[in-house]
Amino acid sequence: VLGRSVSLLPFLPFGISGVMLSGLIIHLANFFILIKILGKLRVRKIFSIIYLFLPTFVWESRSLYPEILALTLFLAAFYFYISERRRDWAFSGFLTGLAVLVRYDAVYGVAAIALAAFFSNRQKFLWFCLGGIPPAIFLFAFNTIVYGGALTSGNGSVLRLFTRF
């Protein structure tokens, strides 16, 4: 998927070592975002240490898998989602849209957040959806240009999932 590849561009001048270092930088960024989230929720920040040393995320930080970058975008989106300002809700939607550019299956997370916002705060839902429009337009345009259809990816059409049943 396009998002992880683009995120590696700043590390390319440093060779394979720089590219592999990107995972550690993303892991540390997640740690600091989690500290900010816990502070905003008035939870003791020491609990963020659990994330830092969780074996799954330590392993992910040593690889080039896109999951940890999608997590970064979701953590940052959650930080803005729990805010009280409309522009932060829109930015939250934008960030989750970028997560879909990193991993297509992140759309399930976007749907879960949108559904929660729909039932808890319709205004938040509206601004969240408005923020997600630019990444969605980009994704549909990219898929159309590269794969020949807005709902088509390198793995084929998304619509084929619904025709199996």
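Asp-88 touches Phe-80 and Ser-83, leaving aside residues up to four places away in sequence; contact here means heavy atoms within 4.5 Å. Asp-88 sits in helix 6 and is buried, with a relative accessible area of 5%. Buried means under 20% relative accessible area, exposed over 50%, and partly exposed in between, using a 1.4 Å probe and protein chains only.

A word on the ground rules. This is a predicted model, where local features need pLDDT of at least 70, side-chain atom pairs count only at pLDDT 80 or more, and totals for chains, interfaces and linings use all residues. Residues are numbered from 1 along each chain as its sequence is written, and side-chain values use heavy atoms, with hydrogens and water left out. Helices are DSSP runs (H or I, at least four residues), numbered from the N terminus.

Now the packing. Two packed helices are described by the angle between their axes and the distance between the axes. Axes are lines fitted to C-alpha atoms over the stretch in contact, and angles run from 0 to 180 degrees between N-to-C directions.

| Pair | Angle | Axis distance |
|---|---|---|
| Helix 2 (residues 15-40) and helix 5 (residues 67-81) | about 20 degrees | 9 Å |
| Helix 5 and helix 6 (residues 86-102) | about 170 degrees | 8 Å |
| Helix 6 and helix 8 (residues 122-147) | about 35 degrees | 7 Å |

Helix 5 is roughly antiparallel to helix 6, while helix 2 and helix 5 are roughly parallel. The cut-offs are under 35 degrees for roughly parallel, over 145 for roughly antiparallel, and 65 to 115 for roughly perpendicular, with the rest oblique.

Helix 5 itself has 15 residues and reaches 20 Å from its first C-alpha to its last, close to the 21 Å expected at 1.5 Å a residue (1.5 Å times one less than the number of residues). Its buried residues include Leu-69, Leu-73 and Phe-74.

On to helix 2 with helix 5: the residues there include Ile-26 and Asn-30 from helix 2, and Leu-71 and Tyr-79 from helix 5.

Definitions and conventions:
Helix = DSSP H or I, 4+ residues; strand = E, 2+ residues; numbered from the N terminus.
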